[in-house]
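Work through the exercises below with the sequence and the 3D view open. Try each task before reading its solution.

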Amino acid sequence: MNDQPKKVRKIPERQCMGCNEKKPKPDLLRVVRAPDGSVSLDFTGKKSGRGAYICRDVRCLQKAVKTRRLSRSLECEIPDEVFAAMEEELRQHAEN
């Protein structure tokens with residue numbers, strides 16, 4: 001018989017840019033700055049580009065915008081209309 005203990009897979013953690021809490025990566029939503037400079041929400045976690053993480057909560061997105069942590073983390077200025085579109089997309093996704 002195999003006497004070795006089963007390997008426990010380590011679940012990576014990321015820090016939310018809004019509430020500053022560390023949570024398991026699958027529980028968070030990735031915000032990505034694509035190579036072309038566009039900023040969008042990445043519900044799959046597979047888009048290419050520089051990423052930052054927020055909770056799947058509109059309040060965390062708003063706090064990350066207000067404190068400018070998202071802009072600093074993505075190393076770019078994000079226009080207000082892009083934030084408004086991301087907030088609306090997050091609200092739509094939360095309803096489904």
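**Exercise 1.** What does the accessible surface of the protein come to, and what share of it belongs to carbon and sulfur atoms?

Solution. The model is predicted, so local features need pLDDT of at least 70 and side-chain atom pairs count only at pLDDT 80 or more, while totals for chains, interfaces and linings use all residues. Residues are numbered from 1 along each chain as its sequence is written, and side-chain values use heavy atoms, with hydrogens and water left out.
- Step 1: the accessible surface (Shrake-Rupley method, 1.4 Å probe) is about 7,000 Å².
- Step 2: carbon and sulfur atoms hold 48% of this surface.

**Exercise 2.** Is Arg30 buried or exposed, and what does the side chain of Arg30 reach?

Solution. 
- Step 1: locate Arg30 in strand E3, residues 28–33.
- Step 2: the relative accessible area of Arg30 is 11%, so Arg30 is buried (buried is under 20%, exposed over 50%, partly exposed in between; 1.4 Å probe, protein chains only).
- Step 3: the Arg30 side chain reaches two backbone oxygens, that of Lys47 at 2.8 Å and that of Gly49 at 2.8 Å.

**Exercise 3.** Which residues of the largest nonpolar core touch the most other members?

Solution. 
- Step 1: a nonpolar core is a set of buried Ala, Val, Leu, Ile, Met, Phe, Trp, Tyr and Cys residues joined through side-chain atoms within 4.5 Å.
- Step 2: the largest such core has 22 residues, and Val31, Val39, Ile54, Leu70, Leu74 and Met86 touch the most other members.
- Step 3: E3, E4 (39–42), E5 (50–55), H1 (58–66), H2 (69–74) and H3 (80–95) each supply at least two residues of this core.

**Exercise 4.** Which residues of H1 are buried, and what covers them?

Solution. 
- Step 1: the buried residues of H1 are Val58, Cys60, Leu61 and Ala64.
- Step 2: these residues lie on the same side of H1, because their arc around the axis is only 165° (taken from the directions from the helix axis to the C-beta atoms).
- Step 3: Arg59 and Lys66 are exposed on the other side of H1.
- Step 4: the cover over the buried residues of H1 includes E5, H2 and H3.

Technical notes: Helices (H or I, at least four residues) and strands (E, at least two) are DSSP runs, numbered from the N terminus. A polar contact is a pair of N or O atoms within 3.5 Å; within protein, one must be able to donate a hydrogen and the other to accept it, and residues adjacent in sequence count only if both atoms are side-chain atoms. Contact means heavy atoms within 4.5 Å.
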